[in-house]
Amino acid sequence: MVPLGLPVLLATGCNSNQAITNPATRPARDINTLWWAMFAGAMVVFAVVVALLVIAFVRRGRPGEPSHDDRGPYKVIIGGGLAAPIVVLAILFGFVIHVMPATSSPPGPTKLTVDVIGHQWFWEVRYPGTPAVTADEIHIPSGTAVDVRATTVDVIHSFWVPRLNRKIDMIPGQANRIELDAPDPGVYRGQCSEFCGVGHAQMAFYVIVQPPARFRAWLRVQSRPAATPTTTAGLLGRRTFLTVGCEDCHAIRGTSAAGRVGPDLTHLGSRRTLAALTIPNTPRMLYDWISNPQAIKPGARMPGFASLPAAQRHALVAYLEGLR
Amino acid sequence: MAVGTAARERVERLDRIWQERPGFTGWLTTTDHKRIGILYLVTSLAFFAAGGVEALVMRTQLAQADERVVGPGTYDQLMTMHGVTMIFFFVIPLSIGFFGNYLVPLMIGARDMAFPRMNALSYWLYLGSGILLYSGLALGHAPDAGWFNYVPLASRKFSPGTGVDFYALGLILNSVSSTAAAANFLVTIGRLRAPGMSLNRMPLFCFAILATSFSLVFALPALTTDLVFLELSRKFGLHFFDVGRGGNPLLWQDLFWIFGHPEVYIIVLPAFGIATSIIPTFTRRRMAAFPLVALAELLVAFIGFGVWVHHMFATGLPEIAMIFFAAASLIIVIPSGIQIFAWCMTMVTGKPEYRTPLLFIVGFILFFVFGGLSGIMLAAIPFDQQVTDTYFVVAHFHYVIWGAAVFPLLGGLFYWFPKVTGRMYDERLGQTTFWLVFIGTNVTFFPMHISGMLGMPRRVWTYPGHLGWGPENFISTLGAFFLTGGLVLMAVNLVVSRFRGPLAGPNPFGGATLEWATSSPPPSYNFAVIPKVSSPYATWDEDDRETDPQRLERGDFVLEGGHLTPGTTPVDGHMDEILAMPEESPWPITLAFVATLGTAFILANHLIMAAAMAALAAAVLVAWHSGEPEAA
């Protein structure tokens, strides 16, 4: 039977980095347990119905006319359609109530609050109390309850890191909260899971869980203004950045660039990916991205700069990759 | 059974009275519920083909990671059009429009729907709304904000084109059509049942259509309100959903799902009705627990109004509210379970003969249980919050809407094919079709449970290769083409049989309900003599049926003095009055044309022309009502 193949097929992708069946925290584990329990129960119910259909098939050729006596069927219908569901659903309901507290929003402020703000189509990440602003990478310390405040500047997005917790929608006018409390350092993939327009499929992010000391070091670096370039290319790149229009949309703290439309680039060089995990952050990829973002992420809000002389584009790459 | 002279004369008189204009124009002015049903059938199947092609293009794009068959702009339009088409322009028009229209008057022994011209209007408005929506696609401005069209994405700011206007205005027009159809069914089922058909003798299919119609009448106003709010916001800058001006984007979601979840039962209830028609026929046994099943059908529709919030569990609502709606979503399992066990027990205690229609019903039961079980999981709040908006949900609702709702429609097309065409389909090809479609459905939709559990969100036009979603998606795509093959075979079978199939006779399967008591296809007046009814299985009541020819000879309830049908009391089905029915009319199609044109003018911002169309519509209504039938 097809459904019984499910565990086998699931197992093949179980350790993928966005799988619900690969939980890394208590709430994700509880939900995973709930899933397998419901799966087992569902298979039993399914088997009962299949058995009835098989009985009907096997008995089809018995002699005589079918009886219209409903007393026997009534017993099965009341038992299977009313009595059994009441018991099973009550148990399920209890299980749900039991799991809910672990997945709830944190009751009050926790040790660390992170603001995650949805944009078409990237994630702005802020650490209240520090000037640090980054994008598409949420660094948090391991073993710490982190209160994520999820909001949006435009349409509805949904914040979802399956291995860490359930999802929470980012809705204009309200600040939804969700707790991330990962015991183990690691890189966990998340992705927008509410349709938000043409860039929806390419709006992913990483939650990077680090040991607390390394996290604090990272946050210190991110809180600093951008480094001043030391090479000629870097200096040309900065001049280019501030004159060809980049600063209208992007901010680089420590320069006059203060745009809020696109991601903050103050420490772009320290990030793993570009364009919300669409491409790895390498000089070559950044050059392609600046030249023709539409080819990489159709619909992206960023205009292409292919008309800029190649030397200036290379200089931009040198400058931005130097912002570590 | 010798037909006497008197009987023959009466039949000829009825033929003359109920004859409609021949040829093509006859189809434009018809008020015959059977011809209107066939118009719905052909139109809804055309939309089905369009929605199917949209699905195949999407499946091709998703066959492997980083595919570039279409870009996100096109994909988003295909995805939106696929959902809107399949729900509003295929399933509901096929189930209510065709099956309901064609069968309800026949099953209750009536000669037409209660409001035949409004019935025609419903069809022409449906066609108009479909043409309006698809003209958006033809112009390259199809809606692209998904079938549930969340704001603010669907607001003028984030969807500045006309795509969303095609969606909103097309669906407003479509809602008018569906509301009129539902009201028509309520009155038809309430008042036009043959004398003697008290509620407890009414076929379960009619209970299902009754429940569906109640749901439509109460659910559609929420959708229409939502769509009007949206258009007022988009066209005139009102602030229903605008946070900065005191509005709220969740208002859209609440209203949409207050409609949207009853909608699921609106889609699936006619399928229940078809199952309760096909099972007794092929098991030679009356439905087990008839009163419970009738009650369960009505309860499903009722409880269906109390579960909408389970579509919004991830929006950050208070937990107490979510628990209430989760409980309601679980309770709806009970009436569904009662029906499932009633179908199964009828088959266990009957003697099933597995011909094509029954095979589709067996498939339906399996899919409904399977999709129902994954549905129960989605009522479990934390699990829902984990998998909502992933492919797990796509898998779930395709098992329910495709597997559970459409399978009985396919089975029903085979089952009533001889009644509608007078000819038999090819049984061997029919059974082959079942296996192809059954296997294709599982191969297409089962892997989506897994890609969902592996974290694949829905509504993505592409995905990276390293997350392990490739094999599941590739299998799904293969399944979709396999499934399409089965459907093409079905189309070939039915089209060829329509012309070459052997003659079927009035009741080739030994069906129990009244449509099998008349010829195939039925005459325009359905029954020469209004049938006597003493059980829900009227055609199996041989004593009653044997009296029909004698009653025709005597002129007992032939109603040959004009376009007449009996009106009865709503509960007991006692004879109440003879109702004079209108004849064919050019006004429904005219009114629908004017209304569609008016809506198109609103879309194009020609508000003066739209107002002119409204005035013209009023004039058409005056002309319409100047030709009322004389009361008998």
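Let's start with one pair of residues. R285(B) forms a salt bridge with D70(A). Their closest N and O atoms are 2.9 Å apart. Keep in mind that this is a predicted model.

How many salt bridges does the rule find across the interface of chain B and chain A? One. Polar contacts are counted separately: 25 residue pairs between the two chains, both residues at pLDDT 80 or more.

Which elements build the side of chain B that touches chain A? Several helices supply at least two residues each, among them α4 (72–107), α8 (249–283) and α15 (427–453) of chain B. The largest share comes from α11(B), with twelve residues. By class, that side of chain B has 59 nonpolar, 17 polar and twelve charged residues.

Now the whole interface. Chain B brings 88 residues to the contact, and chain A brings 92. Together the chains bury about 7500 Å². Carbon and sulfur atoms carry 74% of that area.

Next, a sheet in chain A. Three strands form an open sheet, in the order β4-β10-β9, with mixed pairing.

Look at β9(A) and β10(A), residues 204–210. They pair in the antiparallel sense, over six bridges. Here R189(A) stands opposite Y206(A) in β10(A).

Last, a helix. α4 of chain A, residues 212–223, packs on the sheet and touches β4 and β10 of chain A. Its direction makes about 135° with that of β4(A).

Key:
Residues numbered from 1 in each chain as written. Chains lettered and ligands numbered in written order. Predicted model: local features only at pLDDT ≥ 70, side-chain atom pairs only at ≥ 80, totals over all residues. Heavy atoms only, no water. Pairing = 2+ DSSP bridges. Helix = DSSP H or I, 4+ residues; strand = E, 2+ residues; numbered from the N terminus. Contact = heavy atoms within 4.5 Å. Axes fitted to C-alpha atoms, helices over the stretch in contact; angles between N-to-C directions. Buried area = accessible area lost by both parts, 1.4 Å probe. Salt bridge = Lys/Arg side-chain N within 4 Å of Asp/Glu carboxyl O. Polar contact = N/O pair within 3.5 Å; in protein donor to acceptor, adjacent residues only side chain to side chain. Nonpolar A, V, L, I, M, F, W, Y, C, P; charged D, E, K, R; others polar.
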